[in-house]
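Dear colleague,

Please find below the sequence and structure that I am handing over to you. My notes on it follow.

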Amino acid sequence: MDKEQSRGESTTGISEWKTRPPYSVHEKSSGFDVKYEANCHCGKVKYQLSRREPLDSKLCHCTTCQTQHAAPFQWAAIFHKDDINFTNGHHDLEWYDPTEKSIEHKLPCKVRCSFCHSPIMDEGRNMILLFPSLVHLKTDEDKAYFKPRCHMFYGQRVMDVPDGLPKWSGLSGDSDLIEDSPPDLVREHERKREEERNKKMAEGKPDEVTKEGTQDRSGDGGANSQ
Ligand SMILES: [Zn+2]
Ligand SMILES: [Zn+2]
C-alpha cells in the first residue's frame with residue numbers, strides 16, 4: 001500500500017520512474033508477447049517475460065549476493081527493461097540501494113516483494129538482472145535457455161562448483177579466469193562422500209542415506225544442494 005510506495009520514492013511528488021519500464025504495465029492490446037510467467041513466494045508479485053532467451057545468465061559469488069540472498073551464490077538472468085511486465089506495475093515492490101544502504105529507488109538497486117521480501121531482480125541503469133528461480137520454466141528447452149553460462153566473483157566463493165563453466169575472479173569478462181578444480185580432486189571428494197554414506201548405512205540409518213544418495217546422483221544439482 002501507500003507506505004511501501006513512499007518508502008521507494010527518492011524524488012518528490014509522484015515518481016515518474018514508476019510509469020516507465022520495467023514498471024510500466026503493458027495492456028493486453030500492446031502486443032506484449034508472453035513467453036514466461038513468474039511469481040514471488042507469496043504470489044503478490046507476478047510478472048511476465050516477452051523474451052525467450054535471456055541476454056545472459058550468470059552465477060554470482062560476491063559477498064553482497066551471499067548476504068542479500070542468504071545463499072552461497074546467486075543466479076541471475078539479464079533482460080532489457082521492456083522485456084518484463086509486472087502485472088501490478090510498481091505495486092507490492094520495495095527497493096533497496098546496497099551502495100547507500102538505504103530503502104530507496106536509486107540505480108542500481110535491489111527489488112523485492114514488499115510482503116514476503118523474495119528477491120525479484122536487480123535493476124541496473126540499462127538492464128534488469130532477474131532471478132530465474134521465480135520463473136516457471138516448463139520445458140527442457142526453456143531450462144537450457146536459462147542455464148548459467150559463467151560464474152562471476154568466483155574469488156569470493158564459499159564453495160567450489162566444478163561444472164566446467166568459465167569462472168571469473170571478479171566481474172565477468174573484466175577479471176582473471178580461475179581454473180576449475182582438477183578432475184582428480186573432484187573424484188577424490190566424491191569418493192569420500194560415498195565412503196561417509198556407506199558408514200552411515202552401516203550405522204543403521206538406511207532410509208536417510210538412500211534419500212540423500214538419490215538426490216546427490218540425480219544430476220549436477222548435487223553441487224547446489226549442499
Ligand atoms: Zn511476495
Ligand atoms: Zn553478486
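The model is a predicted one, in which local features need pLDDT of at least 70 and side-chain atom pairs count only at pLDDT 80 or more, while totals for chains, interfaces and linings use all residues. Residues are numbered from 1 along each chain as its sequence is written, and chains are lettered from A and ligands numbered from 1 in the order in which they are written.

The strands β3 and β10 pair in the parallel sense over three bridges; two strands pair if DSSP finds at least two bridges between them. Leaving aside neighbours within four places in sequence, cysteine 60 is in contact (C-beta atoms, placed from the backbone, within 7 Å) with Cys65, Phe73, Gln74, Ala76, Met152 and Phe153.

The protein has five helices and ten strands, taken as DSSP runs numbered from the N terminus (helices H or I, at least four residues; strands E, at least two). Seven strands form an open, mixed sheet in the order β6-β7-β8-β9-β4-β3-β10. Its edge strands, β6 (93-96) and β10 (150-152), each pair on one side only.

Within the sheet, β3 (residues 56-60) pairs with β4 in the antiparallel sense over five bridges, with aspartate 56 opposite isoleucine 78. Strand β4 (residues 74-80) also pairs with β9 (residues 127-130), again antiparallel, over four bridges; here histidine 80 stands opposite methionine 127.

Of the 226 residues, 24% count as buried (20 or more other C-beta atoms within 10 Å of the residue's own; exposed means 12 or fewer, partly exposed in between; C-beta atoms are placed from the backbone).

Most residues other than glycine have a negative phi, and most peptide bonds are trans. Cis peptide bonds join proline 21 to proline 22, with omega about 5°, and leucine 107 to proline 108, with omega about -5°. Phi is near 50° for alanine 70 and likewise near 50° for phenylalanine 153. Alanine 70 counts as exposed because it has 8 C-beta neighbours inside 10 Å, whereas phenylalanine 153 counts as buried because it has 24.

Yours sincerely

Note on methods: Two residues are in contact if their C-beta atoms, placed from the backbone, lie within 7 Å.
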